[in-house]
Amino acid sequence: MPVDPAPGDPARPEPTAVVPPGDGPWAGGTVLSSVTAPAAVLSTPCAEVDPADPTVTALARDLVATMRAAPGCVGLAANQVGVAARVFALDVTGHPKARSCAGLVVLANPRLVAASQRKKGREGCLSVPDLTGDVARARRVTVAGVVPGRGEEVVVEADGFEAVAFQHELDHLEGLLFLDRVAGAHALHARRTYL
Ligand SMILES: [Zn+2]
């Protein structure tokens, strides 16, 4: 199966989801300042949260607002705004590299259920402004987590760029940056454009 089929290739699935205008229930958050490496909170495994806690829902809204305010940012974990809690927001809608697209995904206590088709690719991070790195990640994943405020567990299947983005955010919650995943200094590059 081709991993990165050309645009127009019949094997290339069209992005399926569209973010509702204004991000629906996740609108109205506050744009927070993000922290950059080597801030200790980025290297700290985050704590499980109570998804029913209104402060978790508020944090999730702030993550969405902060992600939207950062050009090119497709995902943001809570410790990137200094809060060591297991919550992230992710949205690859409209990204040219996106294959699958679940739209805006906000998860508490997320976990990787399945992963396959590992391949190396370039990635960047809001918390590592000056570098990109070559990281081997699965191109097909299943992620489960709880939607803050709703309490229901959702399961998301993703492939390609979105799958990589999920793993990148899950890593943040474990206190890992892409810098911890590269094979060595040769796999790091000065950043010219955002991921
Ligand atoms: Zn990141």
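Visitor: In which sense do strand 4 and strand 5 pair, and over how many bridges?

Guide: Two strands are said to pair if DSSP finds at least two bridges between them. Strands (E, at least two residues) and helices (H or I, at least four) are DSSP runs, numbered from the N terminus. In this predicted model, strand 4 and strand 5 are antiparallel and share 7 bridges. Within strand 5, Asp-159 is the residue opposite Arg-140. The two strands make a hairpin with 6 residues between them, and Gly-149 in that turn has a positive phi of about 85°.

Visitor: How are residues numbered, and which confidence limits apply?

Guide: Numbering starts from 1 along each chain as its sequence is written. Because the model is predicted, local features need pLDDT of at least 70 and side-chain atom pairs count only at pLDDT 80 or more, while totals for chains, interfaces and linings use all residues.

Visitor: How many bridges join strand 3 to strand 4?

Guide: These antiparallel strands are joined by 13 bridges, and a hairpin of 2 residues connects them. Lys-120, for example, has Ala-136 of strand 4 as its bridge partner. Strand 4 also pairs with strand 6 (residues 188–190), antiparallel and over 3 bridges; there Gly-133 is partnered by Leu-188 of strand 6.

Visitor: What pattern do the elements follow along the sequence?

Guide: The order is α-β-β-β-β-β-α-β, made up of 2 helices and 6 strands.

Visitor: What share of the residues is buried?

Guide: A residue is buried if 20 or more other C-beta atoms lie within 10 Å of its own, exposed if 12 or fewer, and partly exposed in between, with C-beta atoms placed from the backbone. By that criterion, 42% of the 195 residues are buried.

Visitor: Which residues have the most contacts inside the largest nonpolar core?

Guide: In soluble globular proteins, nonpolar side chains tend to be buried together. A nonpolar core is a set of buried Ala, Val, Leu, Ile, Met, Phe, Trp, Tyr and Cys residues joined through C-beta atoms within 7 Å. The largest one here has 49 residues, and those with the most contacts inside it are Ala-60, Leu-63, Ala-78, Val-87, Phe-88 and Ala-89. Elements giving two or more residues to this core include helix 1 (54–69), strand 2 (87–90) and helix 2 (161–173). Helix 2 provides the largest share, 7 residues.

Visitor: Which residues does Ala-60 touch?

Guide: Contact requires C-beta atoms, placed from the backbone, within 7 Å. Leaving aside residues up to four places away in sequence, Ala-60 touches Trp-26, Val-87, Ala-89, Val-106 and Pro-148.

Terms used:
Contact = placed C-beta atoms within 7 Å.
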